[in-house]
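I opened the model to look up a few backbone and packing details. My notes follow.

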Amino acid sequence: MADRSTDHDAESTDDFVLAGTPDAFERLWTPHRLAYVSKGQSQVTDEASCPFCAAPQRDDEASLIVTRGKTCYVVMNLYPYNPGHLLVCPYRHVPDYTDLTVEETAEFAELSQIGMQVLRTVSRAAGFNLGMNQGKVGGAGIAEHLHQHIVPRWGGDGNFLPIIAQTKNVTGTIGDMRSIIAEAWQAEAQQFREKQAAQHKE
Ligand SMILES: [Zn+2]
């Protein structure tokens, strides 16, 4: 956070203002930008109109899916905060984290972990923001279908985040990125599971 301190030094003496000071995370998590589709949540009324239900029905390239598990899958966010912004979704059209079964919860977590590892390898991500916005008041773009954001971070990326978040013409780049991440996935997943198994033995 040291690199951001100069932005807010003047405000930091005022507690009231400080509470509203946008740090990197808050700026990143601006709810109105968290839409998977430009139409937003008002268009998602049921499974038939849900992009997270529709995506797995198309091929990986068309749907920007990175990998498919048994109960959950990983897809590129169409409107990324940063290049490589991934979403982990259950196949089932459920809104809340507490709706996941034990099996779904385990795979949801594992895909998130492997996703981080893949992004570290292919993009040298230095940090991440992970999270789920729950409910409309929680800022979920599509509140009806649970999804976890994995946003890779690099030092100083805050400076161009707003530009990236508002850029709509990045589909080609996302397609290329999807291929790179998808190709790296299996090897990283294998390494991840070996690491897990080794830790279990200790
Ligand atoms: Zn859905």
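I checked Leu-64 first. I count Leu-64 as buried because 22 C-beta neighbours lie inside 10 Å, and the cut-off for buried is 20 or more. The model is predicted, and I read every value with that in mind. I placed Leu-64 in the loop between α5 (60–63) and β1 (65–68). Its phi is near 65°, a positive value in a residue other than glycine. I noted this because most residues other than glycine have a negative phi.

I then looked up Arg-124. Its phi is also positive, near 50°, and it is not a glycine. Arg-124 sits in the loop between α6 (102–123) and β4 (127–131).

Next I followed β1. I found β1 antiparallel to β2 (residues 72–76), with 3 bridges joining them. The two strands make a hairpin, and 3 residues lie between them. Across the pair, I saw Arg-68 opposite Tyr-73 of β2.

Last, I turned to the core. The largest nonpolar core has 29 residues, and among those touching the most other members I list Val-66, Val-74, Leu-86 and Cys-89. At least two residues of this core come from each of β2, β3 (86–90), α6, β5 (148–153) and α8 (171–201). I traced the contacts of Cys-89 beyond four places in sequence; they include Phe-52, Cys-72, Tyr-73, Val-75 and His-145. Leu-146 and His-147 are also in contact with Cys-89.

Methods
Residues numbered from 1 in each chain as written. Predicted model: local features only at pLDDT ≥ 70, side-chain atom pairs only at ≥ 80, totals over all residues. Helix = DSSP H or I, 4+ residues; strand = E, 2+ residues; numbered from the N terminus. Buried ≥ 20, exposed ≤ 12 C-beta atoms within 10 Å, placed from the backbone. Pairing = 2+ DSSP bridges. Core = buried A, V, L, I, M, F, W, Y, C linked by C-beta atoms within 7 Å. Contact = placed C-beta atoms within 7 Å.
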